[in-house]
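Hi,

Here's the structure I promised you. Have a look at it first, then read on for what turned up.

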Amino acid sequence: MNNLSNALLDRRQVVATLLRDTADTPGGELLVVTGLGSTTYDAGAAGDRAENFYLWGAMGGALMIGLGLAIAQPDRRVLVITGDGEMLMGLGSLATTAAAKRPNLSIAVLDNGQFAETGHQSSHTAHGADLAAMARACGWSQGEIATDMPGVEALRPRLRREALFATIRISPEDVPRFLPPRDGANLATRFRAALGIAAS
Amino acid sequence: MTPEPWQDGVYAALKAAGVRQMGYVPDAGHSRLIDRFHADPEMTAVVLTTEEEGIAMAAGAHLGGSRAVLLMQSSGVGNCINMLSLPIHCRMPLFILVTMRGEWGEFNPWQVPMGSSTGPVLQAAGVHIRRAERADEVVEMVAASARFAYDSAIPVAVLLSQRLIGAKVWVK
């Protein structure tokens with residue numbers, strides 16, 4: 001069941017764990033897409049890198065960007081890190097990505113049951129919506145839930161090796177704001193350069 | 001001998017432009033193209049639940065050094081508006097083929113509002129539009145517009161008029 005009362009994980013610690021030693025990934029450096037809002041700040045705070053593509057808009061699009069990237073780079077691993085609100089806006093993409101069956105795409109949803117960015121309004125997951133169950137119902141064969149740091153540690157290698165949907169329950173507490181780069185054209189250019197794609 | 005359907009010429013133009021991913025919400029006017037994409041092992045065709053998913057997928061394709069095209073009906077354009085900020089702000093190519101409804105012999109009045117606003121809405125959002133009315137201009141227009149989109153890294157939509165596609169006939 002969706003019980004947020006024991007959600008005490010620190011989001012920065014969770015994302016820093018997921019992104020620890022990104023070179024330790026089959027195929028080379030982990031390719032990361034983050035969703036609009038706090039997960040973009042979390043990934044930046046974990047250490048800015050060219051292989052991170054941060055969304056500062058396009059709410060609901062993170063998982064589909066991951067899909068297009070995973071299709072384009074079948075030998076690399078793609079990890080989407082987003083929040084419950086961003087995932088809820090793109091629920092249909094759970095069905096689309098499950099049907100597309102890409103073995104090199106995983107997603108971790110940090111679930112605090114809130115729209116933290118806009119003033120902590122409670123989200124649907126605080127009222128019973130279970131994203132991991134939805135992912136499984138859409139056809140993701142793995143829909144995991146982590147509620148403690150050992151669980152997050154266990155997810156870290158799996159998110160880089162399986163086609164995994166994971167929900168990670170986090171504390172709704174505010175953390176210090178960290179703002180990674182937000183010029184989208186620059187983010188795209190440096191991401192492509194890191195993949196060795198020549199500028200057009 | 002029957003001439004080659006223009007849809008086959010469009011498919012060849014897309015492939016020649018380097019397109020390797022295609023996202024779509026089905027439309028009868030695109031059915032031949034959709035079949036061609038699915039039949040080609042060099043292509044990955046992705047059925048979407050809603051059109052804006054395809055805008056995001058095309059952005060991911062670009063980040064990964066590939067090229068995507070989106071196929072949708074005019075009604076789907078309205079679903080895409082906020083997501084268009086992604087390719088426009090990030091200076092990414094986007095190429096959409098839109099089959100038009102609500103403008104030529106349309107029987108369904110619910111198609112008319114979005115059909116009437118498809119072009120203005122796309123332009124207001126920053127997408128360059130071209131419009132094909134005749135079978136003999138479609139292939140060249142698609143080929144040139146694809147180069148425009150991918151080589152200049154801008155969003156472009158080609159509107160395929162309902163006259164060209166043929167109005168849906170329900171009562172025979």
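Two residues count as in contact if their C-beta atoms, placed from the backbone, lie within 7 Å. By that rule, 28 residues of chain A are in contact with 28 residues of chain B. On the chain A side, α3(A) gives the largest share, eight residues. By class, that side has 17 nonpolar residues, 10 polar and one charged (nonpolar is Ala, Val, Leu, Ile, Met, Phe, Trp, Tyr, Cys and Pro; charged is Asp, Glu, Lys and Arg; the others, Gly among them, are polar).

A quick word on the source: this is a predicted model, where local features need pLDDT of at least 70 and side-chain atom pairs count only at 80 or more, while totals for chains, interfaces and linings use all residues. Residues are numbered from 1 along each chain as its sequence is written, with chains lettered from A and ligands numbered from 1 in the order in which they are written.

Now for the helices (DSSP runs of H or I, at least four residues; strands are runs of E, at least two; both numbered from the N terminus). How do α3 of chain A and α3 of chain B cross? Their axes, lines fitted to C-alpha atoms over the stretch in contact, come within 6 Å and cross at roughly 40 degrees. The contact includes M64(A) and L67(A) from α3(A), and A56(B) and G60(B) from α3(B).

Over in α6(A), L131(A), A132(A) and A135(A) are buried (20 or more other C-beta atoms within 10 Å of the residue's own). Just after α6(A), G139(A) takes a positive phi of about 120 degrees.

Cheers

Methods. Axes are lines fitted to C-alpha atoms, for helices over the stretch in contact, and angles run from 0 to 180 degrees between N-to-C directions. A residue is buried if 20 or more other C-beta atoms lie within 10 Å of its own, exposed if 12 or fewer, and partly exposed in between; C-beta atoms are placed from the backbone.
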